[in-house]
Amino acid sequence: MGNKQKRVYDGYMVPSADPVVFLMPYIMPRRTDSETFIDLDLDLSKVAPFIREHKKDIPGLNLYHIVFASLVRAASTVPEINRFICGNRLYQRENVRISMMIKKNMRIDGKETSIFPTFAPTDTLAEIVAHINHDADEALAELDGDSNDFDKLTGVLTRIPPFLLRGVVGFLMWMDRHGKLPKKLVDLQPFHSGFFVTNVGSIGLPVIFHHLYEFGTTSVFLAMGRKKTVNEVQADGSVVTKRYLPVKVVVDDRICDGFTYSRAFKVVARCFAHPEVLLEGFQPKDAAAEEAAEPEE
């Protein structure tokens with residue numbers, strides 16, 4: 001499974017026999033040097049009735065839960081997309097952590113905060129929904145009282161004079177690049193996650209490509225836009241109206257190659273084509289079958 005002796009944060013170093021993979025972090029030392037953009041349309045034909053059917057069994061089930069669960073399944077099936085670069089070395093995560101910003105209300109002055117639940121590869125859709133809803137409820141409740149720990153941390157930093165803050169942030173960035181941030185700081189904020197998700201469609205925006213952050217270890221940033229309706233001409237000449245979720249993904253090109261990303265997002269598309277697979281937890285023996293099954297056209 002790899003050499004577990006060298007560890008940072010929630011991952012262990014992946015020894016690479018490929019000199020190109022080894023050199024990439026030196027050739028492209030920053031995430032913004034290595035951003036690659038992926039444009040997807042996820043078919044909602046099966047998802048919408050699936051959510052209606054299971055809302056009673058899985059309280060609070062919503063579209064973004066399907067997105068989270070699909071990412072968990074993709075990272076379980078194709079673990080290479082759940083990697084990160086730290087100190088110019090490649091690391092594999094041992095769990096699936098997904099961050100998301102949430103807003104108290106849709107007012108311009110509405111407070112917002114972040115959640116970053118951690119999932120096991122074998123979590124079922126019901127368990128994933130429960131994790132997300134628990135963390136969201138807890139975070140929103142904290143907004144009604146005192147700020148949560150992350151907001152308190154940022155509040156402390158904003159009170160530091162600017163001429164000192166540059167040095168403090170620079171030191172934290174240096175520690176982060178070398179995997180030396182204290183665990184307490186890592187656990188307080190959303191930037192050390194495998195995936196970051198934003199739902200810009202919920203605030204009425206079209207889908208966007210969102211940059212990766214230099215701070216932290218997030219290698220995949222996924223943005224969901226407004227759902228769209230498309231009239232498609234079929235082989236027999238008939239026209240079918242379909243609904244899609246437009247998704248734009250920005251990835252760190254250094255953690256794996258294009259073929260691997262393609263495998264992973266085929267798993268996501270399959271989860272949308274067959275959402276019932278998410279009701280059962282992923283098992284490692286299922287990986288070959290997950291990848292072999294193509295999503296319906």
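1. Cavity search. On a 1 Å grid over the protein atoms alone, a cavity is a set of points where a 1.4 Å probe fits but cannot get out. A pocket is an open set with protein on both sides within 12 Å along at least five of seven lines, and lining residues have an atom within 4 Å of a point. Grid points are joined across faces, edges and corners, and a volume is the space filled by probe spheres set on the points. The search of the whole structure finds 1 cavity of 30 Å³ or more.

2. Ground rules. This is a predicted model, in which local features need pLDDT of at least 70, side-chain atom pairs count only at pLDDT 80 or more, and totals for chains, interfaces and linings use all residues. Residues are numbered from 1 along each chain as its sequence is written, and side-chain values use heavy atoms, with hydrogens and water left out.

3. Overall make-up. The protein has 9 helices and 12 strands. Helices (H or I, at least four residues) and strands (E, at least two) are DSSP runs, numbered from the N terminus. Of the 297 residues, 46% are buried. Buried means under 20% relative accessible area, exposed means over 50%, and partly exposed lies in between (1.4 Å probe, protein chains only). The accessible surface comes to about 15,200 Å², with 57% of it belonging to carbon and sulfur atoms. Accessible areas come from the Shrake-Rupley method with a 1.4 Å probe; for residues, only the protein chains shown count as cover.

4. Contacts. A contact means heavy atoms within 4.5 Å. Take the contacts between residues at least 6 apart in sequence: 69% of them join residues at least 24 apart.

5. What lines the largest cavity? The lining residues are Ala69, Val72, Arg73, Pro121, Asp123, Thr124, Leu125, Ile128, Leu278 and Phe282. Two elements, α3 (63-77) and α4, each give two or more residues to this lining. The largest share, 3 residues, comes from α3. The space inside is about 40 Å³.

6. Thr124, a cavity-lining residue. Thr124 is one of the residues lining the largest cavity. Thr124 sits in the loop between β8 (118-119) and α4 (125-144). Is Thr124 buried or exposed? Thr124 counts as buried because its relative accessibility is 18%. Leaving out residues up to four places away in sequence, Thr124 touches Leu278, Leu279, Glu280 and Gly281.

7. Gln283. This residue is in the loop between α8 (258-273) and α9 (287-292). Gln283 is partly exposed, at 34% relative accessibility. Gln283 and Thr122 are 161 residues apart in sequence, yet their C-alpha atoms are 6.3 Å apart in space.

8. The largest pocket. About 560 Å³ of space lies in the largest pocket. It is lined by 24 residues, and the closest to its centre are Met100, Met101, Ile102, Lys103 and Ser202. Elements giving two or more residues to the lining are β6 (96-103), β7 (112-115), α4 and β9 (195-199). Which element gives the most? That is α4, with 5 residues.

9. Salt bridges across the chain. There are 9 salt bridges in the whole structure. A salt bridge is a side-chain nitrogen of Lys or Arg within 4 Å of a carboxyl oxygen of Asp or Glu. Asp252 pairs with Arg31, the closest N and O atoms being 4.0 Å apart. Asp252 lies in strand β12 (residues 239-252) and Arg31 in the loop between α1 and β3 (35-43), so the pair ties together parts that are 221 residues apart in sequence. Both Asp252 and Arg31 are buried.

10. A partly exposed pair. Lys228 forms a salt bridge with Asp41, and the closest N and O atoms are 3.1 Å apart. This pair also links distant parts of the chain: Lys228 is in strand β11 (residues 228-233) and Asp41 in strand β3, 187 residues apart. Lys228 is partly exposed at 33% relative accessibility, and Asp41 is partly exposed at 40%. Elsewhere, salt bridges that share partners join Arg31, Asp252 and Arg254 into one network.

11. A nonpolar surface patch. Phe22, Leu23, Tyr26 and Ile27 make a nonpolar patch of about 400 Å². Patches are made of residues with over 30% relative accessible area and no salt bridge: like charges are joined within 9 Å, nonpolar side chains (Val, Leu, Ile, Met, Phe, Trp, Tyr) within 5 Å. Tyr26 lies in helix α1 (residues 19-27). Tyr26 is partly exposed, with a relative accessible area of 42%.
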